[in-house]
Amino acid sequence: MGRRALRIRPFTWTAAIAALACLFGAAAHAQQPVCSAWLIESSRFMNVPFGAFMPDRAFVPGSTKPESSIPTVDLPVNVGVIKCGSELILYDTGWKQQEYLKMTGSDHWAPLPDQLKALGFNAADVTKVVIGHAHWDHAGQLSDLPNAVLYVQREELRAIEWALNYPEPHIRAINSDPGGCYRTPACGYMPLTIEEVYGKVLKGKAVIVDGEMEILPGVRIHPAFRAHTAGSQLLEVPTAIGKLVFGSDAFSSYEAIRDWMTANVQQTDTVQQFLAYEKCYKITGGYNNCVAAHEPLSYTDKYPLTKNSWVALNGGRMAEITLAPGEKSRKP
Amino acid sequence: MPGARSLLLVGVVLALAATMGAAWLHEMRPQSVVKPASQTVSTRAEKPQSPALTADEERFATALWAVHRDATRSAVAMSFAGIAYQTENRDARALARSIEPLAKFFHDAEIEVRTMSPPPSLSKTHGQYVEAMGLYANAAAEMLKFTEDGDSQRLDVAHRLDVRASEDMLRVGEVLWPGQYKPH
């Protein structure tokens, strides 16, 4: 009897450990927050030639094909606002207008703190900022979020520094016209933006990320290197409507993700951009929960995730994507 | 009854005539271009554009651009020197090696830009750019002092100077190089 008991014991222990693991695993899963999410139109680039944004949608005069019939589009600059319990996270931060509005041909800009206030949030309460990449129109206004910790990929910083020190002047150029850069490796990383990134580092409020990182239970950064820039990164967010993936300019266009077209090629390896699309399909089960940064159809029924929208400050739009249980609507 | 039949007949004839008239009008009207609804709409009123630069202003903008192209790169390089110090090595000597050429660049750039002769209409813009170069030079000097005495307050001061200089450069860019940054 004693021998039999000894023989059974390892099995019993194994079963007990397995049961406990299942129990704790389920408990941990249950503890994952379900987050709420909104989208803010930080500004809008006006009258951009469609072909400059999506080469396969270039306007062809006289063409009767629907995909070639649109000359220009207005591109929103979208910022994700994510609330998970007491944590308030921004994905991208738009750009900070000083006195250079006409440089970009943009409209509808309003300060991010004011836009957050219109949603009922305080800029000082933002705890985390994940930038999809460090281009000037996605990583601005960081100094207006004094308590937020910035998450940026080491690969992004490394690639900018490499380009800055490259001997060929076109490859290290930062400014566009006249005769400057256009889609070259250092293009678009302007001094004010990078100085604000440095400001976060200096204040000890930056996390330099190497690849994948879970920043809250279930809220996960995924690298998407070269999907738009060298160190692009996605953000997976668990919500009541399933997982969302915010993609910044790796997901510049919802239509591009849906139709498998490249969009907004800058420092982009288009193969990597398609792999980033695939990652969203795998994580979310389709294309509808992929959150795009510049989709012209944003805030309309044609981009269903963003259709619950309204016009807010200075004509900029906002959308309530999904609410966690108990979270009240912030739509006016 | 015959009266009712006549009325019905007249009604039918009138309806047919109205339909034909509407069809004729539709055919005669010029065809409008069909636009997909939500992607082409750009309803804002055109904003007043600043007047184009004069020939003298263009010459000044071109001359300053040669400095500006390198100043922009050097400004970003200064931020990166700070980032590298904080996140990688904490090596004051390496920081000094990175900053020294930038300090010289901004010092020289301030002198070079100051000696330029802008047209009177751009004297304020010129002054802003001179000030920006000076602020960057001072920021670099503060960072170099930090590499000598280790006083971290100097890095905060340098950062504030860099931000002011960056904003000044943007203000000048608004006037001289409005196509400087594209949507990215």
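Analyst: Leaving aside neighbours within four places in sequence, Tyr166(A) is in contact with Ile171(A) and Arg172(A); contact means that the C-beta atoms, placed from the backbone, lie within 7 Å. This is a predicted model, in which local features need pLDDT of at least 70 and side-chain atom pairs count only at pLDDT 80 or more, while totals for chains, interfaces and linings use all residues. Residues are numbered from 1 along each chain as its sequence is written, chains are lettered from A, and ligands are numbered from 1, in the order in which they are written.

User: Why is Tyr166(A) called partly exposed?

Analyst: A residue is buried with 20 or more other C-beta atoms within 10 Å of its own, exposed with 12 or fewer, and partly exposed in between. Tyr166(A) has 15 such neighbours, so it counts as partly exposed. It sits in the loop between α5 and α6 (169–172) of chain A. Helices (H or I, at least four residues) and strands (E, at least two) are DSSP runs, numbered from the N terminus.

User: How much of chain A is buried, and how many helices and strands does chain A have?

Analyst: Buried residues are 51% of the 332 residues in chain A. The chain has nine helices and 14 strands.

User: What makes a residue part of the nonpolar core, and which residues touch the most other members?

Analyst: Such a core is a set of buried Ala, Val, Leu, Ile, Met, Phe, Trp, Tyr and Cys residues joined through C-beta atoms within 7 Å. The largest one has 134 residues, and Val129(A), Met133(B), Tyr136(B) and Ala140(B) touch the most other members. Helix α3 (residues 55–89) of chain B supplies the largest share of this core, 13 residues. Beyond four places in sequence, the contacts of Val129(A) include Leu90(A), Leu142(A) and Tyr151(A).

User: How many residues of chain A meet chain B, and which element of chain A gives the most to that side?

Analyst: 49 residues of chain A are in contact with 40 residues of chain B. Among the elements that give two or more residues are β1 (36–49), β2 (72–84) and α7 (191–202) of chain A. α7(A) gives the most, with eight residues.

User: Why is α7(A) called roughly parallel to α3(B)?

Analyst: Angles under 35 degrees count as roughly parallel, over 145 as roughly antiparallel, 65 to 115 as roughly perpendicular and the rest as oblique. Axes are lines fitted to C-alpha atoms, for helices over the stretch in contact, and angles run from 0 to 180 degrees between N-to-C directions. α7(A) and α3(B) pack at about 15 degrees, with axes 9 Å apart. That angle makes α7(A) roughly parallel to α3(B). Ile194(A) and Tyr198(A) are among the residues of α7(A) that meet α3(B), whose side of the contact includes Ala75(B) and Val76(B).

User: And what are α3(B) and α4(B), roughly parallel or roughly antiparallel?

Analyst: α3(B) and helix α4 (residues 92–114) of chain B pack at about 155 degrees, with axes 10 Å apart. The two are therefore roughly antiparallel. On α3(B) the contact includes Leu64(B) and Met78(B), and on α4(B) it includes Leu102(B) and Phe105(B).

User: How many residues of each class are in the contact of α3(B) with α4(B)?

Analyst: That contact has 15 nonpolar, three polar and two charged residues. Ala, Val, Leu, Ile, Met, Phe, Trp, Tyr, Cys and Pro count as nonpolar, Asp, Glu, Lys and Arg as charged, and the others, Gly among them, as polar.

Conventions: Contact = placed C-beta atoms within 7 Å.
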